[in-house]
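This report treats the salt bridges of the structure shown below and then turns to the pairing of its strands.

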Amino acid sequence: MFLIKLIHHIYTLLSFTRFKHLSLLLVLFSFFKGYGQQQLAADIQMPAFPSTTVGQVFQVLQEKQGTLFSFNSNILQMDSTLHLAAYQGNLFGYLDYILGKEYSFKELGKHIIVQYTPQRMSVDFEVQTHDKNKVVIMGYIKNIRTNRPISDASIFDRDALLSTLTDHNGYFELDIKKKSSLIAVNVSKEMFRDTSVMVIFPIDAKVDHKKRRYGYFSGYEEHKGLYQSFFGRVFLSPAQSIQNMNLGGLFLYSPYQISMTPGLSSHGFIRSQIVNKFSMNILGGSTAGVKGMEIGGVFNLNQYDMEGLQVAGGFNVVGGRVKGVQIAGLSNQVFGDVQGVQLAGGVNKADTVKGVQIGGIGNLIKEGAGATQLTAGFNYSKGVVTNQVAGIANRAKKVKGIQLAAVVNMADSSDYPIGLLNFIKNGDKSLSLSIDQDEYLAVQFRSGGRILYSVLGVNVALADDHIAKYGFEAGIGAVLLHGNKFMLRAEISNRNQLTHNFKLLSNSHSSFRMIPELRLSKNLSLFVAPSFNYLSKEDSPVTQAGKSLWKIWGGDKNNSKLFGGGAAGIMLKL
């Protein structure tokens, strides 16, 4: 505040002394030396560390001062060894002491942003005021050490939401509407220390002390971001990618934006660094993020986070985190975490999910300990997932809840898989050979988890008087007791029957059976399984006015029956 008041007094003095053609007064300073840096200017006292690491020092600072650090892991190794003497002074001096002059620091709330900036730049420019309501700032940016021009440096005014890049000669022009007598023009370039230029205009206007709110995306990593993805390469310009690298995780807030395409936006060139409360993209748009609602006719691209509701006719792509609901006709892709719901006609993809994914074709995540995936096609989780329901297949490392698929489930660990085939690494896979009360020889394959499993079987009638010569069986079972010598299973199955020439009959045989299993060895066991059966013969009359008859053993070959039965056999664990 003292600096701003001092500048204002100088400006007032100049105005009264008739210096009407004086265009500006420049004050250059780096962000990390800016006023208002309360944490960086705070006094600290640190003990000596004969041998420590950067990560341990940051941990001590967090515990003593409550300071949090954000940085790209590629520029700063947390396990780097340090040998530090005792220190008493301000926080900025200590960080400068342990990391060196090649790093710079910005303060944002409780966070200190650490950047690798070995290079320095100089700014030389002038101001033209041909229009009383408009100012054109033009100039050159050079490397202060080599005096060579710096191309593709970002020049921006974060209060007016204006931005441009320098050309190959380091030259730029920035048009600004004069709404106050004092503005801050910021200069950023990857690997260079940021610079801010305070510009005072000789006009009779009050200084606007109300600043635009801005923030920093702490999870920003340029080599993994939206601009490095397929969508970034196809839909975003190289200039926007350069701007993104220069400004890093910096973003500004705005109430709304409207765009036709990513290149035609109400925010102009700085659009990809703006977080909007409401964003309307006629065809598609690119913003820093959303805290509210975004609607896109074809697509929405967010560099950082999305909080609220995002709807697109085609696809949504978010480079950071999502907290809320995403709805897309084709796909939702999130490079970070999702807390909420993803709904797509095609595919949903995210890093970590805590919520629900509903996809017409599939869902893909790396980790979803609190996630439920629902799809008509396939679900995939590289790590943990809570529930998976698919029309075709599920794949996960570990499933904590139910895994249901019409065809196949695959996992390292899944106790409750339900599907025709279940390939669970720590689960159950076995092959059995048995004969039942109707003299059918059955070969059955069981596959599943430690509790639930599926049953697939082929049956052949040993007697010649059976109309149904063959049968195909499918069912589900559960392990009730699991011991070293004894196991108890319960199964429900249904057998569809065929004639000797493989003609499908309308008859079916449903069974509920208990299977006590005596283990002879680790992989071999014997069983005798009592069962309760219902035989449906739709092409045969039912006796006693259509009521099924109960028989203690065996069914009538010509009628539907409820009857008791059993099977005996041998089981081989695979």
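E491 and R513 join their side chains in a salt bridge, with an N to O distance of 2.9 Å; the term denotes a side-chain nitrogen of Lys or Arg within 4 Å of a carboxyl oxygen of Asp or Glu. Strands here are DSSP runs (E, at least two residues), numbered from the N terminus, as are helices (H or I, at least four residues). Both E491 and R513 are buried, where buried means under 20% relative accessible area, exposed means over 50%, and partly exposed lies in between (1.4 Å probe, protein chains only). R446, E473, E491 and R513 form one network, joined by salt bridges that share partners.

The model is predicted: local features need pLDDT of at least 70 and side-chain atom pairs count only at pLDDT 80 or more, whereas totals for chains, interfaces and linings use all residues. Residues are numbered from 1 along each chain as its sequence is written, and side-chain values use heavy atoms, with hydrogens and water left out.

A second salt bridge of E491 is formed with R446, at 2.6 Å from N to O. Because E491 lies in strand 38 (residues 486-498) and R446 in strand 35 (residues 440-448), the pair ties together parts that are 45 residues apart in sequence. The relative accessible area is 0% for E491, and the value for R446 is also 0%.

Across the whole structure, a search finds ten salt bridges. One of these joins the side chains of R321 and D305. R321 sits in the loop between strand 24 (315-318) and strand 25 (322-328), while D305 sits in the loop between strand 22 (299-302) and strand 23 (306-312), 16 residues away. R321 is partly exposed, at 39% relative accessibility, whereas D305 is buried, at 18%.

| Pair | N to O distance |
|---|---|
| E491 and R513 | 2.9 Å |
| E491 and R446 | 2.6 Å |
| R321 and D305 | 3.4 Å |

Strand pairing is the remaining topic; two strands pair if DSSP finds at least two bridges between them. Strand 28 (residues 347-359) pairs with strand 29 (residues 362-375) in the parallel sense, over nine bridges. Strand 29 also runs parallel to strand 30 (residues 378-390), to which nine bridges join it. T375 in strand 29 stands opposite G359, and the bridge partner of T375 in strand 30 is A390.
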